[in-house]
Amino acid sequence: MLFCRVILSRLSVLLQWKFSGGIRRIQNVTVIHAIHNIYVSLPPAEAFGLVTPIGTVSAYPGSDVILPAHLSPETSAVPLDIRWFRGTELIYQYNNRQEKTNYENRASLSIQELERSNLALTLRNFQPADSGDYTCKVFHNGCLQTGTVHLQVRGKIL
């Protein structure tokens, strides 16, 4: 069972997980209501979350930096659509074993690590202008999981 907030409508049930920010629409489900709590049973393959660090990631100018993100529980991310954004700008996308980068070819994922649920983004040659919030979005079977990593400069800027 997965505890969640449920909004009922005629066509679907909207589930919102507070621990990961994911949203999932499900049709034809049985909802169990028990005194202020609503429970919905999900198949194990559907119940994954995206985990990103709570604190800030910092890096020295010119260095390579890793923006951590992984799925929990551990499951292969190979069949997923994974997108990393800086603000609203799409900087990297992995989908159906194809990669696309819009960030001067400085952003990448380890395709081998996707098997172990690791979605960490590597940003090469970090510059102070790269500081800010980076959002990872994972799409699978109508489910959207999101996580944000804050990146800042470490040390003096010369």
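The protein has 1 helix and 17 strands, where helices (H or I, at least four residues) and strands (E, at least two) are DSSP runs numbered from the N terminus. This is a predicted model, in which local features need pLDDT of at least 70 and side-chain atom pairs count only at pLDDT 80 or more, while totals for chains, interfaces and linings use all residues. Residues are numbered from 1 along each chain as its sequence is written, and side-chain values use heavy atoms, with hydrogens and water left out.

Confidence is given as pLDDT, the predictor's confidence in each residue on a scale from 0 to 100. The protein averages a pLDDT of 79, and 68% of the residues score at least 70. Over residues 1-29 pLDDT stays under 50, and for this stretch the model has 73 contacts beyond four places in sequence, a contact being heavy atoms within 4.5 Å. Where pLDDT is low, the predicted coordinates should not be read in detail.

Of the 158 residues of the protein, 37% count as buried; buried means under 20% relative accessible area, exposed over 50%, and partly exposed in between, with a 1.4 Å probe and protein chains only. The protein exposes about 9,400 Å², of which carbon and sulfur atoms supply 52%, the areas coming from the Shrake-Rupley method with a 1.4 Å probe and, for residues, only the protein chains shown counting as cover. Among contacts in the protein with a separation of 6 or more, 51% are between residues 24 or more positions apart.

Thr52 counts as buried because its relative accessibility is 19%. Not counting residues up to four places away in sequence, Thr52 touches Pro68, Ala69, Gly147, Thr148 and Val149, and its side chain reaches the backbone oxygen of Thr148 at 3.4 Å.

With a relative accessible area of 37%, Asn102 is partly exposed. Leaving aside neighbours within four places in sequence, Asn102 is in contact with Glu89, Leu90 and Ile91; its side chain reaches the backbone oxygen of Leu90 at 3.2 Å, and its C-alpha atom is separated by 4.7 Å from that of Ile91, 11 residues apart along the chain.

Thr88 is placed in the loop between strand E11 (81-86) and strand E12 (89-95), and it is exposed, with a relative accessible area of 80%. From C-alpha to C-alpha, Thr88 and Asp133 are 9.9 Å apart in space, although 45 residues separate them in sequence. Lys137 lies over the face of Phe85, at 5.1 Å from the ring centre, where a charge sits over a ring if NZ of Lys or CZ of Arg is within 6 Å of the ring centre and within 35 degrees of the ring normal.

The backbone itself also deserves a look. Most residues other than glycine have a negative phi, and most peptide bonds are trans. Ser72 and Pro73, however, are joined by a cis peptide bond with omega about 0°, and Pro73 lies in the loop between strand E10 (70-72) and E11. Asn125, in the loop between strand E15 (121-123) and strand E16 (132-140), has a positive phi near 55° and is partly exposed at 38% relative accessibility. Asn141, found in the loop between E16 and strand E17 (143-153), has a positive phi of about 50° although it is not a glycine, and with a relative accessible area of 47% Asn141 is partly exposed.

Methods: Polar contact = N/O pair within 3.5 Å; in protein donor to acceptor, adjacent residues only side chain to side chain.
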